[in-house]
Amino acid sequence: MASSLLSVFCIVLMVWYCESYNILVVSPLAGKSHAILGDGIVRHLTNAGHKVTYITSYPDNLTHKNLTIVFASDNVEVTESQMTNIQFLMDQDFSLQDPSLLFYHFIENGRKAVSVPAVQDLFKDKSQKFDAIIAEWMFSELYAGIPAIFDCPMIWFSTVDPHWMVLKLIDEVPNSAYVADGLSTDIPPYSFRQRVHELYNQLYGQYLQYWVTYPIEQQYYEQYIAPHIRDKSKPVPSLEALRYNASLILGNSHSSMGGALKLPQNYVAIGGYHIDMNVKPLSESLKKIMDNAKHGVIYFSMGSTLRSENFPKELKEGIIKVLGELKQTVIWKFGEDLPNRPKNVHIVQWAPQPSILAHPNCVLFITHGGLLSTTEAIHFGVPIVGIPVFADQFANIERAVNKGFAKKVTLSYNMATELKTQIESIFSDPKYAAKAKELSLIYHDRPVSPGDELVHWVEHVVKTSGAPHLRSPALMVPWYQKCYLDLLGLILVVLLSVLCLLLKLYRKILKKSDHNIGSKKTN
Ligand SMILES: *[C@@H]1O[C@H](CO)[C@@H](O)[C@H](O)[C@H]1NC(C)=O
């Protein structure tokens with residue numbers, strides 16, 4: 001009796017303490033890795049007892065009694081297109097790194113997400129209330145307009161290591177002399193050339209934003225978002241004001257993986273939150289392969305979007321030959337059957353990546369270097385050989401090499417020999433594996449898990465009505481004041497005035513003495 005009373009009391013206490021909030025998560029990018037990150041946020045929030053409405057392109061990934069899915073059906077996946085075909089990318093010399101291309105691509109994605117009828121209906125619904133909105137930042141800031149419809153705080157979610165484009169939204173553009181552009185592979189301290197290159201990246205990026213993307217976004221804002229604000233009889237703020245009105249940035253980053261930037265107080269690093277703390281057991285067959293691998297297991301995967309099948313035929317044959325010569329067992333995520341497969345190479349269509357990396361016999365991860373994969377490598381302490389293909393993969397691998405737990409292979413038709421050399425160099429020197437373990441320790445050594453941190457800060461923003469106490473004063477100071485150009489102006493004016501005065505005085509004295517001399521002569 002007493003114990004059941006106690007448990008009732010505990011439940012009442014818990015309900016009383018854990019207030020349930022209504023949160024809108026906007027993460028409709030059609031890419032599997034983006035969906036994994038969006039799903040992770042939703043999973044943590046619903047598990048913490050909050051109600052979540054989720055705008056996504058993958059309506060079937062999650063189910064939960066507290067979850068409402070809004071299907072952004074227009075955001076078709078680029079997976080099947082040539083943009084993510086390895087051979088196409090190799091032949092085209094096209095790396096998805098051109099910022100203007102990325103801006104256009106992602107602004108179009110944002111437009112599609114807010115314009116689909118399901119999302120428009122959500123915006124229209126006058127009974128709909130949210131306590132906070134979390135939206136993914138991916139080269140588009142159109143979603144900054146949504147909180148104005150629902151009158152609630154805004155939280156950006158940034159998928160990569162912090163860079164100037166997101167930091168300027170809550171603080172200021174950091175110094176390009178030691179902070180890399182989001183897509184740059186440069187790692188500080190920079191050479192002179194790199195420093196100039198980073199300055200160029202920032203200036204060109206800002207030019208693109210102010211002159212190309214912001215006007216387009218403003219137009220989409222007026223077309224798809226502003227009418228709903230007006231509909232609720234509220235004044236329509238400018239998108240420019242809303243852009244800089246976020247309460248927080250949740251960043252998929254951590255110092256074990258990236259750099260130790262100085263960050264504003266409302267940037268919260270939650271890198272690794274998407275990884276389930278309970279690693280699922282391996283299938284019987286995979287477990288047997290891994291348990292019996294006397295010399296360890298190499299896990300080879302080009303990620304969920306790129307596919308090993310799309311390596312050109314001659315390269316595929318070269319890679320198989322290299323892998324066949326190794327004494328280690330290889331598990332290769334590969335979508336088609338491989339005839340004449342060497343005995344030590346096993347093919348899997350789908351791989352339970354965390355479970356494989358978690359196995360003590362896993363000694364190397366050959367990866368395309370997507371951020372989720374490099375994060376998981378550090379989470380489980382496995383060294384990597386990276387073959388970056390596009391976008392942020394080059395920067396991720398460059399960072400991993402710089403940290404000392406990775407080797408890089410350049411994607412090319414004859415990269416098989418380089419792959420062999422780099423695999424051998426990882427195994428010939430124990431420092432790579434040791435570094436991976438050391439970084440894993442740093443990664444795990446946090447006061448709370450990244451998932452708990454995520455939930456805490458979202459709740460904090462709601463409880464404190466937008467966390468105004470965390471906002472950086474730098475947001476309110478125009479750039480010319482930060483450089484003290486006004487003071488410089490004042491000093492110049494004073495100096496010039498004094499100079500003028502002195503000049504006038506000098507002339508007067510000169511005149512007077514002329515006059516005196518003249519008058520003396522006439523005397
Ligand atoms: C900016 O955010 C705060 C707190 O979330 C909110 O109260 C305010 O209305 C927002 N400003 C605008 C212009 O929407």
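Reader: Which residue does Asp-121 form a salt bridge with?

Author: Lys-124. The closest N and O atoms of the two are 3.7 Å apart. Bear in mind that this is a predicted model.

Reader: Where do Asp-121 and Lys-124 sit, and how are they separated?

Author: Both are in helix α5, which covers residues 117-124. They are three residues apart there, so about one helical turn separates them.

Reader: What about accessibility for Asp-121 and Lys-124?

Author: Asp-121 has a relative accessible area of 44%, so it is partly exposed. Lys-124 also counts as partly exposed, at 44% relative accessibility.

Reader: OK, and what does Lys-234 pair with?

Author: Lys-234 meets Asp-151 in a salt bridge, at 3.8 Å from N to O. Lys-234 is in the loop between α9 (226-231) and α10 (239-243), while Asp-151 is in the loop between α6 (146-150) and β5 (154-158), so the pair ties together parts that are 83 residues apart in sequence.

Reader: Is Asp-151 buried or exposed?

Author: Exposed, because its relative accessibility is 61% and the cut-off for exposed is over 50%.

Reader: How many salt bridges does the structure hold?

Author: The structure holds 17. One of them joins the side chains of Lys-321 and Glu-325, at 3.5 Å from N to O. Lys-321 is exposed, with a relative accessible area of 55%, whereas Glu-325 counts as partly exposed at 46%.

Reader: Which residues do shared partners join into one network?

Author: Glu-141, Glu-217, Glu-240 and Arg-243 are joined that way, through salt bridges that share partners.

Reader: Switching topic. How is the protein divided into domains?

Author: Domain 1 takes in 18-275 + 449-476, domain 2 is 284-444, and domain 3 is 482-512.

Reader: What separates the centres of domain 2 and domain 3?

Author: Their centres, taken over C-alpha atoms, are separated by 69 Å. For the protein, the C-alpha trace spans about 120 × 65 × 50 Å along its principal axes.

Reader: How many helices and strands are there?

Author: There are 20 helices and 13 strands. Of the 523 residues in the protein, 50% are buried.

Reader: Now helix α20. Where does Lys-512 belong?

Author: Lys-512 is in that helix, which runs over residues 485-522. With 61% relative accessibility, Lys-512 counts as exposed. On the surface, Lys-512 gathers with Lys-504, Arg-507, Lys-508 and Lys-511 in a patch of positive charge.

Reader: And which residues form the nonpolar patch on the surface?

Author: Tyr-484, Leu-487, Leu-490, Ile-491, Val-494, Leu-495, Val-498, Leu-502, Leu-505 and Ile-509. Together they have about 970 Å² of accessible area.

Reader: Where is Ile-509 found, and why does it count as exposed?

Author: Ile-509 is found in helix α20 too. Ile-509 counts as exposed because its relative accessibility is 55%, and the cut-off is over 50%.

Reader: Last one: where is Val-382 found, and is it buried or exposed?

Author: Val-382 is in the loop between α14 (371-380) and β12 (384-386). Val-382 is buried, with a relative accessible area of 2%.

Reader: What separates the C-alpha atoms of Val-382 and Glu-141?

Author: A distance of 36 Å, with the two residues 241 apart along the chain. Glu-141 is one of the residues in that salt-bridge network.

Notes
Residues numbered from 1 in each chain as written. Predicted model: local features only at pLDDT ≥ 70, side-chain atom pairs only at ≥ 80, totals over all residues. Heavy atoms only, no water. Patch = residues over 30% accessible without salt bridge, like charges linked within 9 Å, V, L, I, M, F, W, Y side chains within 5 Å. Areas by Shrake-Rupley, 256 points an atom, 1.4 Å probe, with all protein chains shown as cover. Salt bridge = Lys/Arg side-chain N within 4 Å of Asp/Glu carboxyl O. Lys, Arg positive; Asp, Glu negative; His and termini not counted. Charge placed at Lys NZ, Arg CZ, Asp CG, Glu CD. Helix = DSSP H or I, 4+ residues; strand = E, 2+ residues; numbered from the N terminus. Buried < 20%, exposed > 50% of the residue type's maximum accessible area, 1.4 Å probe, protein only. Domains from an automatic or database assignment.
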